[in-house]
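Q: Hey, I'm new to this one. Can you walk me through it in plain words?

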Amino acid sequence: MITNESVNQAIDYILQHIEEEITLEDVAGHCHFSKYYFSRLFKAQTGESVCGFIKRVRIEQSAFRLKTERKRPITAIGADYGYSSSNYSSAFRLRYDMAPVSFRKNSICKSMEHPFFHHENWQAESFEECSRKITMKMVPDYHVIYERRFGSYESLRKDWERFLRRYEEYLTKDTLFLERTYDDPAVTRVPNCLYDICMTVKEDCPLTNRAVIRGGKCMVYHFKGHVKHIYAAYQTLFLVWLPGTSYELDTSRSLFDRYYEADCRTMEMELDICLPVR
């Protein structure tokens, strides 16, 4: 868990400006620290240098867009993250051991081994099946307290149990539980997946680990079933539904899940996957 709020602010800043030229000095200055002190602090909390984190996230976000924006030229996607055509291909090969064009072609596969429930295959839905579960909604902003983690989503149940015990006094009958996700496990190595577990609180909550999850126009996919099928739902949205529509993800806002029910015994869940679009 990332416990330092300055590091969390730095991650937010990087993600918001990832398509711009960002330096260690920019990030440290945003958090009001010297670059030398903040560099050590960031690496101690995340295991990566600031520059290494920026470089990795740029390549991974470009890979995600190769999946979801299949009609867009590869060179244009690379250019969004500051790469020339030749530099992008070289940097991409270093990360994925294949050229961007091969990655895009391979990503069209709609069934493969599940990254968390090993030895089980996931299977994408058809565009029509997926569309029947999606509604366009204007989602409100949510004021939340959160904990941010890197790692496998397999530990989510224990993460939630600890989280709820820690903040039990802030629970009310109106509390909503949300999970903000930043990475696609098909693109980002599982140990590097970044996510926030959150619950709504009043705006005057005195805790420092507060944030606002921005709402607005979202395509909301309603999921009901076993937790192992959530991955297939996400991949259907990324590989089938998004490429088949005129909508684009609004990258200035985060994807998030809004929970209704979660049975820790049976692992059956009901939730909304909220995709911010423009």
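**Starting with a strand**

A: Let's start with β10, which is mostly covered: 8 of its 9 residues are buried. Buried means under 20% relative accessible area, exposed means over 50%, and partly exposed is in between (1.4 Å probe, protein chains only). Helices (H or I, at least four residues) and strands (E, at least two) are DSSP runs, numbered from the N terminus.

Q: What kind of model is this, and how are residues numbered?
A: This is a predicted model, where local features need pLDDT of at least 70 and side-chain atom pairs count only at pLDDT 80 or more, while totals for chains, interfaces and linings use all residues. Residues are numbered from 1 along each chain as its sequence is written, and side-chain values use heavy atoms, with hydrogens and water left out.

Q: Ok, back to β10. How many bridges does β10 have with β8?
A: β8 and β10 pair over 9 bridges, in the antiparallel sense. Two strands pair if DSSP finds at least two bridges between them. C218 has P276 in β10 as its bridge partner.

Q: And how many with β9?
A: β9 and β10 have 6 bridges, antiparallel again. E261 stands opposite E270 in β10. The hairpin of these strands has 5 residues between them, and M267 there takes a positive phi near 65°.

Q: Which residues have the most contacts inside the largest nonpolar core?
A: Those are I145, Y221, L237 and I273, in a core of 42 residues. A nonpolar core is a set of buried Ala, Val, Leu, Ile, Met, Phe, Trp, Tyr and Cys residues joined through side-chain atoms within 4.5 Å.

Q: Which element gives the most to this core?
A: That's α10 (230-241), with 10 residues. Among the others that each supply at least two residues are α9, β6 (194-200) and β8 (216-226).

Q: What does Y221 touch?
A: Leaving aside neighbours within four places in sequence, Y221 is in contact with E125, C130, K133, I134, A233, L237, L271, D272 and I273. Contact means heavy atoms within 4.5 Å. There's also a second, separate core of 35 residues, which includes I2, V50, L66 and F103.

Q: Switching topic: how many aromatic pairs are there?
A: The count comes to 20 aromatic pairs. Rings of Phe, Tyr and Trp (its six-membered ring) pair if their centres lie within 6.5 Å; planes under 30 degrees apart count as stacked, over 60 as edge-to-face and the rest as tilted. One of them is Y83 with Y88, a tilted pair at 5.6 Å centre to centre and 45° between the planes. Y83 and Y88 are buried.

Q: What about W160 and F177, what sort of pair do they form?
A: W160 and F177 form an edge-to-face pair, with centres 6.0 Å apart and 90° between the planes. This pair links distant parts of the chain: W160 is in helix α9 (residues 156-166), and F177 is in strand β5 (residues 177-181), 17 residues apart.

Q: Why does W160 count as buried, and why does F177 count as partly exposed?
A: W160 is buried because its relative accessible area is 13%, while F177 counts as partly exposed because its relative accessibility is 25%.

Q: Which residues form an aromatic cluster?
A: F33, Y37, F38, F42, F53 and F150 form one cluster.

Q: Now the charged ones. Where is E48, and is E48 buried or exposed?
A: E48 is in the loop between α3 (35-46) and α4 (50-68). At 15% relative accessibility, E48 counts as buried. The side chains of E48 and R56 are joined by a polar contact of 2.8 Å. A polar contact is a pair of N or O atoms within 3.5 Å; within protein, one must be able to donate a hydrogen and the other to accept it, and residues adjacent in sequence count only if both atoms are side-chain atoms.

Q: And R149, buried or exposed?
A: R149 is buried, with a relative accessible area of 7%. R149 sits in strand β4, and its side chain makes a polar contact of 3.3 Å with the side chain of D159.

Q: Last one: where is T208?
A: T208 is in the loop between β6 and β7. T208 counts as exposed, because its relative accessibility is 64%.
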